[in-house]
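This briefing goes through a single protein chain by topic, from its aromatic pairs to its nonpolar cores, strands, helix faces and salt bridges. Please keep the sequence and the structure in view while reading.

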Amino acid sequence: MRKADTLKAMPLFSVMTPLELNAIAELLETRDYAAGSTIYTEGEEGTEMFFIRSGSVGFYTVTDGGKRHESKPLGPLNFFGEMSLVSGEAHIRSAYAIDGSSFYVLSGLNFHSMVWDTPMLGVKFLKAMAALRITQLEKASGFLDDMVRWGETARRRAVTDDLS
């Protein structure tokens with residue numbers, strides 16, 4: 001399958017034209033990770049954005065006491081690493097391949113080239129990314145609102161809710 005075809009299946013790129021998809025596809029590198037491999041570590045400089053082609057990615061932070069706290073994993077057609085790439089800040093959590101995984105990777109250099117060389121495409125890309133993250137934040141906000149409102153019932157729900 002061509003890169004542009006895989007991208008079109010990803011919600012982030014659903015608003016892109018074939019020409020835009022091809023332009024973005026040219027900027028991406030394919031990278032594979034074996035099960036259990038570290039993709040990046042908490043505190044590392046964020047210089048890449050990842051688009052999951054296959055497999056799944058786990059995330060975790062390590063508390064001051066050394067305890068590992070896992071976050072919700074992501075599967076195919078999702079993306080991650082964008083916040084560090086855009087902000088230039090260090091990663092706030094570590095990422096690893098749960099199983100054998102394949103990614104398209106957008107380097108910081110290629111991201112900034114896209115924004116500089118084709119500003120309309122860069123803006124469209126950033127708007128699409130922001131819209132997806134806003135939707136996720138709204139869902140999480142509703143979940144937290146429910147927890148505050150419904151207390152114990154919501155706490156028990158957290159065990160099975162897909163936002164936890």
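Phe-111 and Phe-125 are both buried, where buried means under 20% relative accessible area, exposed over 50% and partly exposed in between, with a 1.4 Å probe and protein chains only. The model is a predicted one, in which local features need pLDDT of at least 70 and side-chain atom pairs count only at pLDDT 80 or more, whereas totals for chains, interfaces and linings use all residues. Residues are numbered from 1 along each chain as its sequence is written, and side-chain values use heavy atoms, with hydrogens and water left out.

**Aromatic pairs**

- The structure holds eleven aromatic pairs, a pair being rings of Phe, Tyr and Trp (its six-membered ring) whose centres lie within 6.5 Å, with planes under 30 degrees apart counted as stacked, over 60 as edge-to-face and the rest as tilted.
- Phe-50 and Phe-103 make an edge-to-face pair, because their ring centres are 5.9 Å apart and their planes stand at 80 degrees.
- Since Phe-50 lies in strand β3 and Phe-103 in strand β8, this pair ties together parts that are 53 residues apart in sequence; helices (H or I, at least four residues) and strands (E, at least two) are DSSP runs, numbered from the N terminus.
- Phe-50 is buried at a relative accessible area of 2%, and Phe-103 is buried at 0%.
- The rings of Phe-111 and Phe-125 have centres 6.2 Å apart and planes at 55 degrees, so this pair is tilted.
- Phe-111 belongs to helix α4 and Phe-125 to helix α5, so the pair ties together parts that are 14 residues apart in sequence.
- A cluster linked by ring pairs takes in Tyr-33, Tyr-40, Phe-50, Phe-59, Phe-80 and Phe-103.

**Nonpolar cores**

- The largest nonpolar core has 23 residues, of which Leu-7, Leu-12, Phe-13, Ile-24, Met-49, Phe-51 and Phe-125 touch the most other members; such a core is a set of buried Ala, Val, Leu, Ile, Met, Phe, Trp, Tyr and Cys residues joined through side-chain atoms within 4.5 Å.
- Two or more residues of this core come from each of α1 (3–8), α2 (18–25), β3 (48–54), β8 (101–107), α4 (108–117) and α5 (119–150), and the largest share, four residues, is that of α5.
- Phe-125, leaving aside its neighbours within four places in sequence, is in contact (heavy atoms within 4.5 Å) with Leu-12, Phe-13, Met-16, Ile-24, Met-49, Phe-51, Leu-106, Phe-111 and Met-114.

**Strands**

- An open sheet is formed by four strands in the order β1-β8-β3-β6, with antiparallel pairing, two strands being paired if DSSP finds at least two bridges between them.
- The edge strands of this sheet, each pairing on one side only, are β1 (28–33) and β6 (79–80).
- Two bridges hold β3 and β6 together in the antiparallel sense, and Phe-50 has Phe-80 in β6 as its bridge partner.
- Strand β7 (residues 94–97) is covered on both faces, with Ser-94 and Tyr-96 buried on one side and Ala-95 and Ala-97 buried on the other.
- Strand β2 (residues 38–40) runs antiparallel to β7 and is joined to it by two bridges, with Thr-38 opposite Tyr-96.
- Strand β4 (residues 57–62) also pairs with β7 in the antiparallel sense, over four bridges, and here Tyr-60 stands opposite Ser-94.

**Faces of α2**

- In α2 the buried residues are Glu-20, Leu-21, Ile-24 and Ala-25.
- These residues lie on the same side of α2, because they cover an arc of only 135 degrees around the axis, the arc being that of the directions from the helix axis to the C-beta atoms.
- Pro-18 and Leu-19 are exposed on the face of α2 turned away from its buried side.

**Salt bridges**

- There are five salt bridges in the structure, each defined as a side-chain nitrogen of Lys or Arg within 4 Å of a carboxyl oxygen of Asp or Glu.
- Arg-31 forms one with Glu-48, the closest N and O atoms being 2.7 Å apart; this pair links distant parts of the chain, with Arg-31 in strand β1 and Glu-48 in strand β3, 17 residues apart.
- Arg-31 and Glu-48 are both buried.
- Arg-31 forms a salt bridge with Glu-29 as well, with the closest N and O atoms 3.2 Å apart, and Glu-29 is partly exposed at a relative accessible area of 39%.
- Glu-70 and Arg-68 meet through their side chains in a salt bridge of 2.9 Å, N to O, where Glu-70 is partly exposed at 37% relative accessibility and Arg-68 is partly exposed at 42%.
- Through shared partners, salt bridges join Glu-29, Arg-31 and Glu-48 into one network.
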